[in-house]
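Morning, everyone. I have one structure to go through today, and I will keep it short. Here it is on the screen.

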Amino acid sequence: MEIPIFMVDAFTNLPFKGNPAAVCLLKHELCDELYQKIAAEINLSETVFISTIKPSEDFTKGSRFRLRWFTPTTEVNLCGHATLASAAVLFKHKKNLNSAVVFETRSGDLSVVQQGEDLVMDFPLNTPTKQAPDHFKDLIKCVLQAAVGDHPVQDVYFSSNTKKLLLRLADTRDRSTLTSLQVNPEALLSSDKSGQVKGLIVTMKDILPLGMESRRILSLVLRTPSWVATGRRNWERRNCLHSSVPGEVESYSSR
């Protein structure tokens, strides 16, 4: 069986930028072992598999599909950029006739609506709670070290559902503080001995050039083996615009 594979850059309007994902279109479901082997060989942070639900429908006419996300080593419950990439393939390449598609996933039904050039995703809301920085002081020290001086963290939030910790750097810091972070993955893993944190996001405010109406959030996503193994070693940087930007052939942004 031949499997069409699309390599899509999400959250960007430029090729070779943003967050890449592989999108595989399946006429029939595969065994779990084969899903994992394909994802391992592609070796991107996420490979997503889409299959039709009704035999009478295809990727152009169907409005509901099954969707599964795999990293090179494991299946995951949710991935935003790979879902955006999946919708882009259906709407832009397969010319899906519907204004919205729904993906049946481990995290429930996820809908993506096409509004002009925009793709609008409706995802589960895993609301984090604010935390005292001292509760994660060893982990914070490991990530930030001496590069940002004293009291660099303005807010700390933790999601009990996703097990992800978010650190917001102080507004007095500039973007070079974030982009210059160098993290030792082994030290990071050993800094949280409780196993409570499965993923870490470091973010900050950033000012866009005049004329742009949205606010940019720069994030450094640290992916530990206990959360996700990626094809980009243990970490990746990504710039996400909280606005929609018209995409090129295989580069898409979300709203």
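Start at Lys95, which comes after helix H2 and has a positive phi, near 55 degrees. Keep in mind that this is a predicted model.

Now the helix itself. H2 covers residues 80-93, which makes 14 residues. From its first C-alpha to its last it reaches 19 Å, close to the 20 Å expected at 1.5 Å a residue.

Is H2 enclosed or open? Largely enclosed by the rest of the structure, because 11 of its 14 residues are buried. The buried residues run from the histidine, His81, through Ala82, Thr83, Leu84, Ala85, Ser86, Ala87, Ala88, Val89 and Leu90 to Phe91.

Next, a residue in a strand. Ser51 sits in S3, residues 47-52. How buried is Ser51? Its relative accessible area is 3%, and the cut-off for buried is under 20%, so Ser51 counts as buried. Its side chain makes a polar contact of 3.4 Å with the side chain of Glu29. Leaving out residues up to four places away in sequence, Ser51 touches Leu26, Glu29, Phe59, Phe65 and Arg66.

Then the chain as a whole. The protein chain has 5 helices and 15 strands. It has 255 residues, and 44% of them count as buried. Among contacts with a separation of 6 or more, 58% are between residues 24 or more positions apart. The chain exposes about 13700 Å², with carbon and sulfur atoms supplying 51% of that area.

That is what I had. Questions are welcome.

Notes:
Residues are numbered from 1 along each chain as its sequence is written. This is a predicted model: local features need pLDDT of at least 70, side-chain atom pairs count only at pLDDT 80 or more; totals for chains, interfaces and linings use all residues. Side-chain values use heavy atoms; hydrogens and water are left out. Helices (H or I, at least four residues) and strands (E, at least two) are DSSP runs, numbered from the N terminus. Buried means under 20% relative accessible area, exposed over 50%, partly exposed in between (1.4 Å probe, protein chains only). Contact means heavy atoms within 4.5 Å. Accessible areas come from the Shrake-Rupley method with a 1.4 Å probe; for residues, only the protein chains shown count as cover. The expected span of a helix is 1.5 Å times one less than its number of residues. A polar contact is a pair of N or O atoms within 3.5 Å; within protein, one must be able to donate a hydrogen and the other to accept it, and residues adjacent in sequence count only if both atoms are side-chain atoms.
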